[in-house]
Amino acid sequence: MKSTLVLFASLQCGVQAHFLFGRLILNNQWTDTWEYVREVQALQGVEENLALIYPQTEPDSIDLRCGRNASDFEGTVKTAKVQAGDTVGFAAGEPMLEGDVKPWIYHAGVTSAWLSKAPSDDLDAYAGDGDWFKILSVTGRTEQSLDWSDPWAAQYYDELKALWGTFRLDSYNFTIPETTPSGKYLLRFEHLFPQDVDTQFYVNCAQIEVENSSDSVGTPEPVVKIPGVYTRGQEDVYFNTAYFALEHDYSIDAYVAPAPSVWSG
């Protein structure tokens, strides 16, 4: 009976809880929404308050790279200069769901970060159709996860969703690998909210220039194409997070994030 009640409560929460990652974190400072992140476009035909933050659901779409119409980017965005080995991050940006306290990651699931090097110095023109490599993957809880013993956080606690490391976070920080080759890159941040049929992909891309003045330069691998990294029906992408936790005695330790593996430099 407990499992049934917990599952029902988890499934009822946040059906229309969408978000985006429009803010790059540099030097521990949150930049403005769309200052360094390519702006996405609203989805036509849905409610106005959801149109901009509506997720991607087609794994074969070009919008899986950087968000809706952000690959063939025609706007203006800054390129951030970072050193290989620096800590950067992404934060949930405006707009947010009407009536909520702030933008944040509403859903359980897998969070990751990726890099793709532009083939020329013109990063603005790069569509992200080259190779991508993963530099971060978060499934279970980490030192950055919410402390559910905190009274403020406790009001948002969900027994099954709280097993996932980025649930209800408003940002996440990570390191650009120390041996990353110098160059201009798209830095992609993704939160994958698994579903049985239409898994939701929340993706945005910042523009960065990596400087590596050391003698240690690596060869990022493995590399993939986006789209092409996921296929509809893939078992580690299409499933119910709540059922998975219940089937594994309230644990997600058995879950392995989808390929590729993380390149740490």
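Is histidine 191 buried or exposed?

Author: This is a predicted model, in which local features need pLDDT of at least 70 and side-chain atom pairs count only at pLDDT 80 or more, while totals for chains, interfaces and linings use all residues. Residues are numbered from 1 along each chain as its sequence is written, and side-chain values use heavy atoms, with hydrogens and water left out.

Histidine 191 has a relative accessible area of 0%, so it is buried (under 20% relative accessible area; exposed is over 50%, partly exposed in between, with a 1.4 Å probe and protein chains only). Histidine 191 belongs to strand S8, residues 183–193. Helices (H or I, at least four residues) and strands (E, at least two) are DSSP runs, numbered from the N terminus.

Setting aside neighbours within four places in sequence, histidine 191 is in contact with residues including Phe19, Phe21, His107, Thr166 and Tyr202; contact means heavy atoms within 4.5 Å. Thr111 is also among them, and the side chains of histidine 191 and threonine 111 make a polar contact at 2.8 Å. A polar contact is a pair of N or O atoms within 3.5 Å; within protein, one must be able to donate a hydrogen and the other to accept it, and residues adjacent in sequence count only if both atoms are side-chain atoms.

Now the disulfide. The count is one disulfide, defined as a pair of cysteine sulfur atoms within 2.5 Å. Cysteine 66 and cysteine 205 form it, with sulfur atoms 2.1 Å apart. Cysteine 66 lies in the loop between helix H2 (48–51) and strand S3 (80–83), and cysteine 205 in strand S9 (residues 200–211), so the pair ties together parts 139 residues apart in sequence. Cysteine 66 is buried, at 0% relative accessibility, and cysteine 205 is buried with a relative accessible area of 0%.
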